Amino acid sequence: MAGYSVEERAAPNSLEYRLFFKDAAGRYISPFHDIPLYADAGKNVFNMVVEVPRWTNAKMEIATKDPLNPIKQDVKKGKLRYVANVFPHKGYIWNYGAIPQTWEDPGHKDENTGCCGDNDPIDVCEIGSKVCSRGEVIKVKVLGTLALIDEGETDWKIIAINVEDPEAENYNGREKCI
């Protein structure tokens, strides 16, 4: 995680848990606003903030309304959220996170889905072989997109691969479809 570090506060799997980010100088930063969108704009390589590492199931997200936007566990109806396990797997089968400095506008109706944005950063499903750590910032290339409608809101998912994955050069998003 070149240039960034994280600081955990409180116990994981608790309402109080937060993961704060720091820059290379040790200053607190927002993963939503202060980490650049692009890792390499010339090569269309994006930064991704890992919220949920592969094989874990605590539903974590960048807290867009909290100061400094730490990562925290999502809550619904007062209860911590977890992703269901699908046998034989436990948790997410990919590294899940967000692209910094992006936002799905709840005031904009998407022409493809007919719904407005979900008021969150754009989500990423990173399919490489490495199991990342929560809060890790990795460089990814986009392979494709998927639009979901979740509770009446558009929720875009970017399918990507870590550029450091041994197979990354074999996967590209601009191949012809058969």
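Student: Which side chain meets that of Glu7 in a salt bridge?

Tutor: A salt bridge is a side-chain nitrogen of Lys or Arg within 4 Å of a carboxyl oxygen of Asp or Glu. Here the partner of Glu7 is Lys22, at 3.0 Å from N to O. Before going further, note that this is a predicted model, in which local features need pLDDT of at least 70, side-chain atom pairs count only at pLDDT 80 or more, and totals for chains, interfaces and linings use all residues. Residues are numbered from 1 along each chain as its sequence is written, and side-chain values use heavy atoms, with hydrogens and water left out.

Student: How many salt bridges does the structure hold?

Tutor: The structure holds 9. In one of them, the side chains of Asp66 and Arg18 meet at 3.3 Å, N to O. This pair links distant parts of the chain, 48 residues apart: Asp66 is in the loop between E6 and strand E7 (71-73), and Arg18 is in strand E2. Another salt bridge joins the side chains of Asp123 and Lys157, at 2.7 Å from N to O. Asp123 belongs to strand E12 and Lys157 to strand E14, so that pair ties together parts 34 residues apart in sequence.

Student: Are Asp123 and Lys157 buried or exposed?

Tutor: Buried means under 20% relative accessible area, exposed over 50%, and partly exposed in between (1.4 Å probe, protein chains only). Both Asp123 and Lys157 are buried. Arg18 is also buried, at 19%, while Glu7, at 22% relative accessibility, counts as partly exposed.

Student: Which residues have the most contacts inside the largest nonpolar core?

Tutor: A nonpolar core is a set of buried Ala, Val, Leu, Ile, Met, Phe, Trp, Tyr and Cys residues joined through side-chain atoms within 4.5 Å. The largest one has 17 residues, and those with the most contacts inside it are Phe21, Ile35, Val49, Met60, Ile62 and Ile71. At least two residues of this core come from each of strands E2 (18-22), E5 (45-52), E6 (60-62) and E10 (95-98). Apart from it lies another core, of 10 residues, including Val50 and Ile138.

Student: Where does Ile138 lie, and which residues is Ile138 in contact with, leaving aside its neighbours within four places in sequence?

Tutor: Contact means heavy atoms within 4.5 Å. Ile138 lies in strand E13 and is buried, with a relative accessible area of 4%. Beyond those sequence neighbours, its contacts are Phe46, Asn47, Met48, Val50, Glu126, Cys132 and Asn162.

Student: How many residues line the largest pocket?

Tutor: On a 1 Å grid over the protein atoms alone, a pocket is an open set of points where a 1.4 Å probe fits, with protein on both sides within 12 Å along at least five of seven lines; lining residues have an atom within 4 Å of a point. The largest pocket is lined by 37 residues, of which Lys59, Asp74, Arg81, Asp150 and Asp155 lie nearest its centre. Strand E14 gives the most to this lining, with 4 residues.
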